[in-house]
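Hi everyone, thanks for having me. Please take a look at the model on the screen, and I'll walk you through a few spots in it.

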Amino acid sequence: MSEVKESLVSIEDTYISHATTSEEVLKEIGLKLLKKGLVKEKFIENILEREQNYPTGLDLSVIDPSYSNIAVPHTEGEFVNATKVIPVGLTNKVVFHNMIHPKESLEVSNLFIILNNNPEEQSQILAKIMDFINILDTEEAQALFQASTPLDLYDIIEGKL
């Protein structure tokens, strides 16, 4: 099993979105990633389709009832050119469906879009994201869920993911 790279996030690939739906935010960020060459032409189409069939919303109330929910959208490695996590803060909570209970809708305040061109690393990357959420104290978590600039968001994540 290969080791996941130490630095999965970068300030250049950290975003804040004002989108009002999950589809809008995935299209918006997908276009930015495409322009940077991090994903392939069919990425947006595939991530939207995959989200409908295999939802990625995570209910964080099981960790702490005060936490907002997150989503970890991802797609198959054939549609990406890198292994990274793309943090996205949302100024408007958007609805994703629950990964564990797909019929349940969750309002999420942050996305951690997984770009992974090595299928062996998928579970490791998801585990790193969950470990990151688990090590946050309440103050850091609230700052994460309320970050209003890419730098604010990145400062919370840097060195922890």
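Let's start with Gly159, which is exposed, with a relative accessible area of 78%. For that word, exposed means over 50% relative accessible area, buried means under 20%, and partly exposed is in between, using a 1.4 Å probe and protein chains only. Gly159 sits in the segment after helix H5 (150-157). Helices here are DSSP runs of H or I with at least four residues, strands are runs of E with at least two, and both are numbered from the N terminus. Between Gly159 and Val9 there are 9.0 Å from C-alpha to C-alpha, although they are 150 residues apart in sequence.

A quick note on the source: this is a predicted model, where local features need pLDDT of at least 70 and side-chain atom pairs count only at pLDDT 80 or more, while totals for chains, interfaces and linings use all residues. Residues are numbered from 1 along each chain as its sequence is written, and side-chain values use heavy atoms, with hydrogens and water left out.

Now, is Ser68 buried or exposed? Ser68 counts as buried, at 13% relative accessibility. You'll find Ser68 in the loop between strand S2 (57-58) and strand S3 (69-71). Leaving aside residues up to four places away in sequence, Ser68 touches Leu60, Lys93, Ser109 and Phe145, where contact means heavy atoms within 4.5 Å.

Last stop, Phe43. Not counting residues up to four places away in sequence, its contacts include Leu33, Phe79, Ile113 and Leu115.
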